Amino acid sequence: MALELDSITVRYGRTTAVSGVSLTVADGEVVALLGPSGCGKSTLLRTVAGLEKPSSGAVRWDAADLAGVPVHRREFGLVFQDGQLFPHRTVAGNVAFGLRMQKVEREARDKRVLSLLELVGLEGYADRRVTQLSGGEQQRVALARALAPSPRLLLLDEPLSALDRALREQLAVDLARLLREAATTALVVTHDHDEAFTLADRVAIMSRGRVVQVGPPAEVWSSPVDVETAKFLGCSKFVPGSFVGLDVERVGLRATALRVDPDGLLEGTVLERVHRRDHVRLLVEIGGEEYEAVGPVSVGDRVRLAIDLDGVARVG
Amino acid sequence: MLPLAFLALFFAWPVLAIINLGLREGGVLKALVEADTWELVGFTLGQALASTVVAVLAGMPLAFVLARCKIRGLGVVRAAVMVPFVLPTVVVGLAFRTFWPDGGVLPIVLANAFFNVAVVARTVGGLWAHTDRRAEDAARALGASRPRAFASVVLPALAPAIGSAAAVVFLFCATSFGVVLVLGGSRYRTLETEIYLRTVELFDLSGAAALSLLQFAAVLAVLVLGALARRRRETALALRGREELARRPSGGEWYVVGAAFAVVALLLLPVVGLITRSLSTRDGWSLAGYVALNTRGDRGTLAVTGIDAAVNSVRTAFDATLVALVVGVFSAVVLVGLRRSGARFAEVLDTALMLPLGVSAVTVGFGYLITMDALPGDFRTSPMLVPLAQALVVTPLIVRMVLPVLRAVDERLRQAAATLGASPARVWREVDLPLVGRSLAAAAGFGYVVALGEFGATSFLARPDAPTLPVVIARLMSRPGELNSQMAYAACALLMVVTVGCVLLIERLRVPSSGEF
């Protein structure tokens with residue numbers, strides 16, 4: 001057991017940002033804290049880093065309480081949403097910073113910097129000014145900088161949120177591979193479930209300062225613990241399990257749960273259609289209720305719809 | 001706590017001693033019922049108000065040009081605006097005397113305004129350079145004419161800066177000493193010069209203390225107003241970089257640019273006048289004044305030669321700058337730390353540090369005179385006394401210049417360094433220092449020229465055998481003799497050259513939007 005959070009509560013004055021959160025991150029595991037903005041996930045991350053003091057509860061590493069250990073002695077790397085690179089240093093200067101703090105010999109330091117730049121795909125960038133880099137390059141440098149001193153734990157605070165979409169998806173895949181290859185223990189904060197599922201071995205869903213569900217991505221995706229979580233994970237419609245032929249009380253439907261199919265059992269009228277990136281999303285009226293669905297048809301069409309269980313989540 | 005201790009010993013104590021002196025001897029009551037006192041107060045405030053109005057009117061076009069225009073010669077404008085602010089008061093007084101040999105109210109008002117145009121141009125320009133131009137564009141798109149857009153969008157956005165600049169200018173003008181002394185003589189007196197005259201010439205200490213008290217109360221009121229204006233300014237605006245906002249002026253804007261250059265020309269006029277005067281005697285052009293700098297003046301007016309005084313000035317100002325840098329930077333770091341943790345105490349300390357800026361230098365000098373005897377050793381005659389008094393005057397300026405830059409350093413940058421293993425001291429050295437280094441150097445240069453020209457407190461405290469250049473200049477002017485006044489003008493020119501040199505250096509070090517002055 002590497003990182004252990006034991007009923008952490010963080011208060012600012014009268015507001016409670018984090019309330020009684022307990023969570024563990026095993027050695028080599030990547031855990032994502034996933035939740036809407038303002039749910040307390042960043043505060044929790046900052047508490048682990050030592051930048052916030054918990055009002056109660058304990059942060060432990062290998063069973064040792066970190067309450068008395070200041071930020072710079074925790075050996076936890078931190079990557080911010082917008083890099084926060086040192087503007088007065090070059091790319092290499094940034095990456096070498098933590099190594100200099102550890103008093104690593106110059107030769108070993110230079111070697112490590114080069115290998116890290118290669119790892120994040122920025123060979124040849126060592127002498128560039130960080131102000132000349134694009135957003136994606138800056139995030140790569142930030143990652144290399146955090147990894148350079150071989151931290152015991154890597155903390156990532158919305159590491160990809162400031163980037164545009166195409167780059168974000170590409171970097172998420174790269175980052176996931178990188179974390180796996182280096183067997184890094186990491187805690188990632190994000191509000192984007194795609195990102196969380198790409199990166200993490202386990203996902204902890206946070207809502208209003210509490211962790212409401214922890215589990216592997218597939219499990220959390222297919223069985224959200226309550227309606228609110230299901231809505232956050234993309235379910236727009238909630239119906240009894242019998243509606244989709246499942247023996248559960250309630251299920252949540254994502255848009256992809258209903259697909260236009262001539263052999264489908266349901267029948268409805270298309271009210272709206274919107275082009276998305278790789279499919280056409282519909283609003284369909286079935287028996288007086290509105291449902292989201294996907295398929296290549298026109299507004300006003302009478303269509304038959306089949307159920308796709310990949311788009312159905314068991315709730316509760 | 002170091003800055004507080006410094007403030008307590010070298011500022012609060014002398015000021016409190018004055019308060020005590022004024023109250024104990026009943027001087028306050030006596031002073032308050034004298035019609036003379038109210039005449040003084042009236043003139044002090046009246047001339048300050050007039051000077052403030054002139055300074056704001058002259059400063060606005062400059063602020064516009066500095067903030068919004070992409071034209072050639074901007075560096076010259078910036079330096080030309082800055083020079084008057086750091087010129088020694090005595091020098092400015094003399095410069096205006098070359099145009100109005102008998103002094104008077106008009107030259108007093110103009111000279112005070114001359115000093116403070118820089119405060120308005122810099123403070124307002126600083127904010128203007130970072131206010132989003134798109135609000136103005138939006139107003140124009142909604143059908144507002146250019147003047148209408150200015151009045152309804154730009155002016156309200158700038159109001160806090162104009163307000164706080166006006167407050168500071170008013171403060172400086174109300175406590176202006178050298179200028180009024182040189183141009184007003186004994187005919188036009190403000191509280192400030194009256195305090196000096198009563199102490200030095202009439203030995204009426206309790207009367208002087210009473211007047212100091214009166215002035216202190218006024219200063220405090222203005223400072224509080226200024227702090228309120230500043231607070232609003234820090235919260236309300238979305239700021240952007242200057243580069244994306246500046247562009248070539250067009251149409252009617254050229255009139256504003258013309259006005260700005262007219263102001264610059266007017267600002268340079270006294271400077272040119274002074275140099276001309278230093279070179280011309282009754283018998284035509286001559287370097288007699290400069291040659292005389294190596295003497296003690298006509299019939300031994302001075303205890304030392306002009307060169308000795310110059311060397312002493314340079315050395316004293318260096319010590320003062322060093323002290324002010326240590327105290328100022330320490331205060332700024334503490335203030336940033338406190339503000340970050342949201343302590344209410346931060347604002348109190350912030351305002352306390354500004355107090356010496358407003359409380360007249362004469363009051364400080366006077367306070368030293370009546371308190372420093374009590375300190376162990378022979379402190380009252382110690383050569384450290386003048387640098388310490390000057391440091392007190394310079395420290396607030398340094399805090400004001402360094403603080404905004406320190407505040408602009410993203411807190412997460414420091415946190416990133418900490419997570420990489422840097423201790424708090426190491427974070428300061430690796431992150432803060434490199435980022436504020438340039439503005440720190442600029443602040444040091446700035447503090448140095450202000451210390452070099454400091455006259456109010458120094459005139460009280462400098463020993464006759466170790467005067468500074470401004471003290472020597474005043475002394476020379478107060479004695480008869482063609483050679484003496486010639487020598488005074490030459491010394492002024494010398495001081496001005498050093499000052500201008502420093503300003504040009506500072507301009508090269510300037511970081512965008514580094515502080516308020």
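Which strands of chain A form an open sheet, and in what order?

## About the model

This is a predicted model, where local features need pLDDT of at least 70, side-chain atom pairs count only at pLDDT 80 or more, and totals for chains, interfaces and linings use all residues. Residues are numbered from 1 along each chain as its sequence is written, while chains are lettered from A and ligands numbered from 1 in the order in which they are written.

## The sheet in chain A

The open sheet has three strands in the order E11-E12-E18, with antiparallel pairing. Strands here are DSSP runs of E with at least two residues, numbered from the N terminus, and two of them pair if DSSP finds at least two bridges between them. At the edges sit E11 (237-240) and E18 (312-314) of chain A, each pairing on one side only. From one strand to the next, the twist averages 30 degrees.

E12 (residues 250-253) of chain A is joined to E18(A) by three bridges. Leu253(A), for one, has Val312(A) as its bridge partner in E18(A).

## Two helices in chain B

H4 (residues 74-86) and H6 (residues 105-128) of chain B pack at about 125 degrees, their axes 7 Å apart. Helices are DSSP runs of H or I with at least four residues; axes are lines fitted to C-alpha atoms over the stretch in contact, with angles running from 0 to 180 degrees between N-to-C directions. H4(B) and H6(B) are therefore oblique to each other, the label for whatever is not under 35 degrees (roughly parallel), over 145 (roughly antiparallel) or 65 to 115 (roughly perpendicular).
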